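Hello,

Here is the structure I promised to pass on. Please open it, keep it beside this email, and follow along.

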Amino acid sequence: MTSPPPAADGPTDWTAILARTGFIELDARARATALLDDGTARELCGPFDRIESPWLEPQGVVPQSDDGVIVVKGRLDGRPAVVIAIEQAFQGGGIGEVSGVKIAAALSLAARDSRDGTPTVAVLLLETGGVRLQEANLGLATVAEVCSALLELRALQPVIGVIAGTLGCFGGMSIAAGLCSTLIITAEGRLGLDGPQVIESEAGVAEFDASDHTLIWSIDGGAQRTRTGLADVLVLDDVTAMRSAVIEAMERGVPGEHRSRRIGELRARLEAVDPTDPPAPADLAAVWAHAVPREGDRP
Amino acid sequence: MQTLNFEFPADRPPPRRAHVGVVGSGDLEILMTPEPPGTARVRVRTSVDGFDTVWRTVLERFFARHRVAAAFELNDFGATPGVVTLRLRQAVEESRR
């Protein structure tokens, strides 16, 4: 069964919710496997390779044998693919040196395979709060490597980002999300550079109230991010719907121009917003629809 | 964080290795690798200090019932005794699949 996408503002479709198999309720390994064709999944750098973070134990934090990133190769609708899944239950999906390098290496190898005649699509399951604070600088460095490898691969094959859960995708990894060829999100998913609590602690509760869930989802939520063009596809949190959306994104191929290259358009959007009198979240899509790049700022 | 090591008599190696669980709040990850009959070796890394006796009791009970000859690596993030026992049983079950 393929579930219909949820209406952006419409009533909740309970029958669809009851009939679904929640994608985000699976752990990261099961999510990666569920997207791939049956029987084709093969994990790289798995738990028994014991490539865990060397930085956590000295700081009194229990490490995980796969450092919270699961890399699974297999086939997606018959085509070679690699799925990279972040486990949000471990350290809030925080990226450290090892987990970041696993992502970057998997993307680089997919690019190498694509150049060598085996076009390999990548799917990133981005449930993450960003860089892990215990590995701050190393984590930041690996996020740069992830972005660089992503840019290398997306020129050759689609890189599909998925944000499925309420944890969302924040911090450095939200930059990687912004670079994806297609970004798929659920209504429960969130996307932002700084998370609500970071904004509140830095700029005060008047700037952003991190306890106001309606406010948070009206800005960072999947429906708003799709409506305003910062994400591409809004799907129901359902295994079948998610797999269909990923396959459709793969079939669309490499976009003519990636979102992150449309600088003029993004600049016009920034200029259309008056910071002293910002538009209400519900009006933002309309404001941005009228934001036209200036002469000379068009590709 | 605390690291604990235990050994228990065990005479039945599991058919194959198994991995279950996650190092998330109230949960733990277990890596089980078969060893020759004789002992079950358990290394526990836990985020909660001072529960040595509870760990010994929980593990003693488990290995009295399941004499699994294997090396167990437990990465614990505050799992309760019930969750620890369930995860251990799940690891044994997984290895039979």
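H10(A) gives the largest share of the lining of the largest pocket, four residues. A pocket here is an open set of points on a 1 Å grid over the protein atoms alone, where a 1.4 Å probe fits, with protein on both sides within 12 Å along at least five of seven lines; lining residues have an atom within 4 Å of a point. Helices (H or I, at least four residues) and strands (E, at least two) are DSSP runs, numbered from the N terminus.

Before going further, some ground rules. This is a predicted model: local features need pLDDT of at least 70, side-chain atom pairs count only at pLDDT 80 or more, and totals for chains, interfaces and linings use all residues. Residues are numbered from 1 along each chain as its sequence is written, chains are lettered from A and ligands numbered from 1 in the order in which they are written, and side-chain values use heavy atoms, with hydrogens and water left out.

**The pocket**

The largest pocket has a volume of about 1,400 Å³. A volume is the space filled by probe spheres set on the grid points, which are joined across faces, edges and corners. The pocket has 30 lining residues. Nearest its centre lie Ile219(A), Arg225(A), Leu230(A), Leu284(A) and Trp288(A). Elements giving two or more residues to this lining are H5, helix H6 (196-203), helix H7 (213-220), helix H8 (222-227), helix H10 (263-271) and helix H11 (281-289) of chain A. By class, the lining has 19 nonpolar, five polar and six charged residues. Ala, Val, Leu, Ile, Met, Phe, Trp, Tyr, Cys and Pro count as nonpolar, Asp, Glu, Lys and Arg as charged, and the others, Gly among them, as polar.

**Helix H5 of chain A**

Why is H5 of chain A described as largely enclosed? Six of the eight residues of this helix (residues 172-179) are buried, so the rest of the structure largely encloses it. Buried means under 20% relative accessible area, exposed over 50%, and partly exposed in between (1.4 Å probe, protein chains only). The buried residues are Gly172(A), Met173(A), Ser174(A), Ala176(A), Ala177(A) and Leu179(A). Their cover includes strand S3 (79-86), H3, helix H4 (136-154) and strand S6 (182-186) of chain A.

**The cavity**

A cavity is a set of points where the probe fits but cannot get out. The count comes to one cavity of 30 Å³ or more. The largest cavity has a volume of about 50 Å³. Helix H2 (28-35) of chain A and strand S2 (18-21) of chain B each give two or more residues to its lining. By class, the lining has three nonpolar, three polar and four charged residues.

**Ser25 of chain B**

UniProt, in an unreviewed entry, lists Ser25(B) for "modified residue: O-(phosphoribosyl dephospho-coenzyme A)serine". UniProt positions are given in the numbering used here, feature names are shortened, and annotations may be inferred rather than shown by experiment. Ser25(B) sits in the loop between S2 and strand S3 (27-34) of chain B. Is Ser25(B) buried or exposed? Ser25(B) is exposed, because its relative accessibility is 71%. Not counting residues up to four places away in sequence, Ser25(B) touches Ala89(A) and Phe77(B). Contact means heavy atoms within 4.5 Å.

**Aromatic rings**

The whole structure holds four aromatic pairs over all chains. Rings of Phe, Tyr and Trp (its six-membered ring) pair if their centres lie within 6.5 Å; planes under 30 degrees apart count as stacked, over 60 as edge-to-face and the rest as tilted. Phe6(B) and Phe8(B) are stacked, at 6.3 Å centre to centre and 25 degrees between the planes. Phe62(B) and Phe63(B) have centres 5.1 Å apart and planes at 90 degrees, so this pair is edge-to-face. Phe62(B) is buried at 3%, and Phe63(B) is buried at 2%. Ring pairs link Phe6(B), Phe8(B), Phe62(B), Phe63(B) and Phe72(B) into a cluster.

Most residues other than glycine have a negative phi. Cys45(A) has a positive phi of about 55 degrees, and is partly exposed at 33%. Asp67(A) also has a positive phi, near 55 degrees, but Asp67(A) is buried at 0%.

Best wishes
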